[in-house]
Amino acid sequence: MSRPRIEEVAARAGTSAITVSRALRDPSKVAPATRARVMAAIAALGYIPNLSASSLASRRSGIVGLLVPTIDNSIFAATVQGLTDAIATAGLQLLLGDFRYSEEGEKTLVRALVGRQPEALVVVGVVRDAALRSMLLQLAIPVIETWDLTAKPVDIVVGFSNKAAGAAMARHLLSRGHRRLAFVGGRDHRAAARAQGFATALKEAGAPAPLIESVDSATIADGRRALAHILSTAPKTEGVFFATDVLAVGGLLECQSRGIAVPKRLAVAGLGDLEIARELSPALTTVRIPAYEIGRRAGEIVVGRLRGEAAGPRVVDLGFSVLVRDST
């Protein structure tokens, strides 16, 4: 039995093959009623579009590449969803790559994605490697950096100030009377910026410099181990700011296992406002990042650029907020 052809879909939907192709590649350019007939015909016939042939014919892949530093936990899930929702309005598909917090891995992944001729690239983080920046500039496609800010993006950056987020949490902990503080985070640039903002705000307030505890990854187990090490080396620590909610959950679990009262004996805070942070007892104080909005805005920019719309500002700051809960 032969596979259904696009002409058969068009005939069943009462339209042309070109309209069927357009409904699949850029549904926003097809009337909703027409697109509904096309999709019904595709479902009825079991039609599977030949995306490779379409790409060769139009010189478009229909793919947006997204580079994330990890898929081990849910911290970037909302950004992935926001981006997916936005580009779906233009019939674009997401291709996800994980570079494991490695600049060399990031370069390797970009080369692999470029070979698939993406319509655009979205990157979690700011690209700092000069050779990689040069490579991205030569692509002549939209490149959106996210989850950070820089005055000189490759193309456009959509995010928030990690340094300011760290400073805001320091000021909150100080306002609660906690002065002997510690920071736990990874070795990536965003965590380093949070630590820098945290330390700077403490210094400006005349508080002791924070203990900085570095971790190689951002798992719950890493958070537990980090807090255990802090308590063994600096037992008078009064509060800990974890660079992510996932790490902070580990810190809270370690407190519970040791019978440490939170926040009476030790305040614990995170960043990300993940669902688990809201459901714990005590509920976790955190920095809310507009993660879904970051992805959605990046996707909207990509779609607009591909449609030839005028470019907006190169730096889009979506901000953040400190959500005070029971753990501090």
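Which side chains does a polar contact of 2.8 Å join? The side chains are those of Thr285 and Thr328. A polar contact is a pair of N or O atoms within 3.5 Å; within protein, one must be able to donate a hydrogen and the other to accept it, and residues adjacent in sequence count only if both atoms are side-chain atoms.

## About the model

This is a predicted model, in which local features need pLDDT of at least 70, side-chain atom pairs count only at pLDDT 80 or more, and totals for chains, interfaces and linings use all residues. Residues are numbered from 1 along each chain as its sequence is written, and side-chain values use heavy atoms, with hydrogens and water left out.

## Domains

The domain assignment gives domain 1 (6-49), domain 2 (61-160 + 292-318) and domain 3 (162-287). Such bounds come from an automatic or database domain assignment. The C-alpha centres of domain 2 and domain 3 are 29 Å apart. Across this pair, 13 residues of domain 2 are in contact with 10 residues of domain 3. Contact means heavy atoms within 4.5 Å.

Helices (H or I, at least four residues) and strands (E, at least two) are DSSP runs, numbered from the N terminus. Two packed helices are described by the angle between their axes and the distance between the axes. Axes are lines fitted to C-alpha atoms, for helices over the stretch in contact, and angles run from 0 to 180 degrees between N-to-C directions.

The axes of H1 (residues 6-13) and H2 (residues 17-25) come within 8 Å and cross at roughly 100°. That makes H1 roughly perpendicular to H2. Angles of 65 to 115 degrees count as roughly perpendicular, under 35 as roughly parallel, over 145 as roughly antiparallel and the rest as oblique. Ile6, Val9 and Ala10 of H1 meet Ala17, Val20 and Ser21 of H2.

H2 also packs with H3 (residues 32-45), at about 95° and with axes 10 Å apart. H2 is therefore roughly perpendicular to H3. Thr19, Val20, Ala23 and Leu24 of H2 make the contact with Thr34, Arg35, Val38, Met39 and Ile42 of H3.

## Nonpolar cores

A nonpolar core is a set of buried Ala, Val, Leu, Ile, Met, Phe, Trp, Tyr and Cys residues joined through side-chain atoms within 4.5 Å. Buried means under 20% relative accessible area, exposed over 50%, partly exposed in between (1.4 Å probe, protein chains only). The largest core has 45 residues. Val122, Ile144, Trp147, Phe198 and Phe241 have the most contacts inside it. Domain 2 and domain 3 both give residues to this core, so it lies between them. Apart from it lies another core, of 20 residues, including Phe242 and Leu252.

Beyond its neighbours within four places in sequence, Ile144 touches residues including Leu121, Val123, Ile156 and Ile301 by contact.

Thr285 sits in strand S10 (residues 285-288). Thr285 counts as buried because its relative accessibility is 0%. A polar atom of the Thr285 side chain lies 2.8 Å from the backbone nitrogen of Arg325.

Ala269 belongs to strand S9 (residues 267-271) and is buried, at 0%. Leaving aside neighbours within four places in sequence, Ala269 is in contact with residues including Met169, Thr285 and Thr328.

Gly82 is in helix H5 (residues 77-88). Gly82 is buried too, with a relative accessible area of 0%. The C-alpha atoms of Gly82 and Gly295 are separated by 4.4 Å, yet the two residues are 213 residues apart along the chain.
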